[in-house]
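This report looks at how one protein chain is divided and at the contacts that join its parts. The sequence and the model are shown first, and the discussion follows.

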Amino acid sequence: MPTARDRARAELTAEITDLARAQLATVGAAGLSLRAVARELGMASSAVYRYFPSRDELLTRLIVEGYDALGAAAEQADDPTASPMTRWLGVCRAVRRWALRHPHEYALLYGSPVPGYRAPEDTVRPAMRVAAVLGGILGDAAQAGLLPPSAGRSPGPVSPAVTPVLGGEHPALDDAVRARGLLTWSSVFGAISFELFGHFTGAVTDADAFFDEAMRDLAGLIGLPET
């Protein structure tokens, strides 16, 4: 059972990260400052450094928490009993909703790199959670015999490392399909980023309808059936 000291430390750690997350909305990730967080808390900066020894460690915590929150939204939206297309659209919509509700956290994850920051290895697994959900839909469709046969497709330049994420091993999931899977994965976030960062302004009249149609097109690219 956690001690009172452990609980106090956890509460202050959460308060630090909450204030840092609020900073993202005002100064952006590049302007994140442990000293500014300390001022908000009314603490000496040296005290905050006992929880996060550097700005980069605080950024990493925010990044991991952001990926985990986005991944959880995708996982909760997936209904394994539904059709592949229904599942795909439900997950993509959930990812978009999260992004629109948390624009500054989304920008931290998928916006411009933070100068001088290099994400450590422990950000990789959280970053793959959405891809794993989408890849699971692809894999389930293959197992159910709902993907077109792969005969005649040319290989795609895809690393074997993506196999577990993009549906696993199956005859219908060759490198060409996985290459399309990577393209659709990046295109989901490309469409969301264009909307969130204002690049569709004046070009799209109904953002919801445009997004749904785009996601259907992407699902068709990897062979998911319409129904």
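## Annotated regions

UniProt positions are given in the numbering used here, feature names are shortened, and annotations may be inferred rather than shown by experiment. With that caution, the unreviewed UniProt entry places the feature "domain: HTH tetR-type" at residues 10–70, and for "DNA-binding region" the record, again unreviewed, lists residues 33–52.

The coordinates discussed here belong to a predicted model. In that model, residues 10–70 are 75% helix and 0% strand, with the end C-alpha atoms 22 Å apart, while residues 33–52 are 60% helix and 0% strand, with the end C-alpha atoms 11 Å apart.

## Overall architecture

The protein contains ten helices and zero strands, so that, in the sense of DSSP runs, its elements read α-α-α-α-α-α-α-α-α-α from the N terminus on. Taken along the principal axes, the box filled by the C-alpha atoms is roughly 65 × 45 × 35 Å.

The chain is divided into domain 1, covering residues 1–53, and domain 2, covering residues 59–222. The C-alpha centres of domain 1 and domain 2 lie 31 Å apart, and the contact takes ten residues from domain 1 and nine residues from domain 2.

## The interface between the domains

About 850 Å² is buried between domain 1 and domain 2, and carbon and sulfur atoms give 75% of that area. On the side of domain 1, Arg-21, Leu-24 and Ala-29 together supply 51% of the area buried against domain 2, which is more than any other three residues supply.

As for specific pairings, two salt bridges are counted between domain 1 and domain 2, together with one residue pair in polar contact, both residues being at pLDDT 80 or more. The residues on the side of domain 1 that touches domain 2 divide into seven nonpolar, two polar and one charged.

## Arg-21 and its partners

Side chains of opposite charge can pair when their charged atoms come close. Which residue forms a salt bridge with Glu-65? The partner is Arg-21, and the closest N and O atoms of this pair are 2.3 Å apart.

Arg-21 also meets the side chain of Asp-18 in a salt bridge, at 2.9 Å from N to O. Because Asp-18 and Arg-21 are three residues apart in helix H1, which spans residues 4–27, about one helical turn separates them. A search of the whole structure finds 14 salt bridges.

Key:
Residues numbered from 1 in each chain as written. Predicted model: local features only at pLDDT ≥ 70, side-chain atom pairs only at ≥ 80, totals over all residues. Heavy atoms only, no water. Domains from an automatic or database assignment. Contact = heavy atoms within 4.5 Å. Buried area = accessible area lost by both parts, 1.4 Å probe. Salt bridge = Lys/Arg side-chain N within 4 Å of Asp/Glu carboxyl O. Polar contact = N/O pair within 3.5 Å; in protein donor to acceptor, adjacent residues only side chain to side chain. Nonpolar A, V, L, I, M, F, W, Y, C, P; charged D, E, K, R; others polar. Helix = DSSP H or I, 4+ residues; strand = E, 2+ residues; numbered from the N terminus.
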